[in-house]
Amino acid sequence: MKISISVLCYETEIAKLPGDGIGPEVVAQAVKAVDAICERFAHEVSYTFAKVGACAIDEFGSAYPESTHKVCLESDAVLFGAVGDPRYDNDPTSKVRPEQGLLAMRKQLGLYANLRPVETFPSLLHKSPLRDAIVSGADLLCVRELTGGMYFGEKGRLDGGDTAYDTNIYHRYEVERILRLAFGYARKRRGHLTVVDKANVLESSRLWRQVAQEMAPQYPDVTTDYMFVDNAAMKLVTDPRFFDVLVTENTFGDILTDEASCITGSMGLLASASIGEHTGVFEPIHGSYPQAAGKNIANPLATILSAAMMLEYAFSLMEEGSLIRKAVAASLDAGVVTEDLAAGGKAYSTSEVGDWIAEWIKKN
Ligand code: IPM
Ligand code: MN
């Protein structure tokens, strides 16, 4: 594997995995933004395309084929779109599913941490289902454990299929490594970490809380608090500004991050980074939105913001990442937005938004 250093050089390889549905359209816009950054800052990158999800099942019979894994392992970062196809959604008996591609990629790349920042854009506050007074200024980072818990614990059927189980299992090392990251991010941000669990009921949560309490004294500059997940779900919508960094296990994190995503008013804006042992994956948190596929109407901003996270987290290119964020904010202020954000004004196409942002990056 090539070592990534803090400047992009001619050897930098990005694995491009657009996936299914709107994935290819939104990833194409993120590539325009990265290319504009490369032009501005004289960086060079090359892309290697690979298939994941339903399109990979169609061609290889597997949602995350070995050839795709090899491309990811040999790259410095993975830019990912979305997976999913309605052909599989209503068939619980289907043995292969596009989502398995995502889960296999996370597991095989050892991506144990999923970072989902939730920021509010002033020009979008009116889109939030919550009142401005509650949402304005909310800025939190959700750190979701991504390769453990019920998603990957032993699962199966008994009684000829009439009993089913999923095991929520966590080992100390899994808890420690994700908490270490979360404490670190809290330290770099506003110094506040909320550990979310269900320690009043679940043994695995009691391990999380025990390990967090053992580690907290090593971070005297971080205020650590503990919150039950049901309470956290309520707090996220009644007082989102309470949170700085929120860390939690896989399933709770899946649910809470969808909830947190609506605080901002648009899921079409939420980016994520999955990092861990091997190449990091950068992807929008929305799905494949099959109804919009091929129509050039999907909002590309979450994927463009994921590319910003890629520059920051995979390559430590903070100025470049920040320029992409500024370009996105500028497009919102200028009303150059797709139909989901247009609010009666002109709706631009996916590619027009991508072009506008790329041009803005080159000029500013
Ligand atoms: C997510 C998605 C995935 C998950 C699905 C598609 C497997 O909902 O990234 O949050 O549950 O982790
Ligand atoms: Mn989810």
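Helices here are DSSP runs of H or I, at least four residues long, numbered from the N terminus. This is a predicted model, where local features need pLDDT of at least 70 and side-chain atom pairs count only at pLDDT 80 or more. Residues are numbered from 1 along each chain, and side-chain values use heavy atoms.

Start by selecting ligand 1 and its shell (residues with a heavy atom within 4 Å): Glu-99, Leu-102, Arg-106, Arg-116, Arg-144, Tyr-151 and Asp-254. Next, colour helix H5, residues 98-108; it gives the shell its largest share, 3 residues.

Now colour by domain, using bounds from an automatic or database domain assignment. Domain 1 (1-113 + 279-364) and domain 2 (129-264) each supply at least three shell residues.

A polar side-chain atom of Arg-106 sits 2.7 Å from an oxygen of ligand 1. For Arg-144 the distance to a ligand 1 oxygen is 2.8 Å, and for a side-chain N or O of Arg-116 it's 3.0 Å.

Key. Chains are lettered from A and ligands numbered from 1 in the order in which they are written. A polar contact is a pair of N or O atoms within 3.5 Å; within protein, one must be able to donate a hydrogen and the other to accept it, and residues adjacent in sequence count only if both atoms are side-chain atoms. Helices (H or I, at least four residues) and strands (E, at least two) are DSSP runs, numbered from the N terminus.
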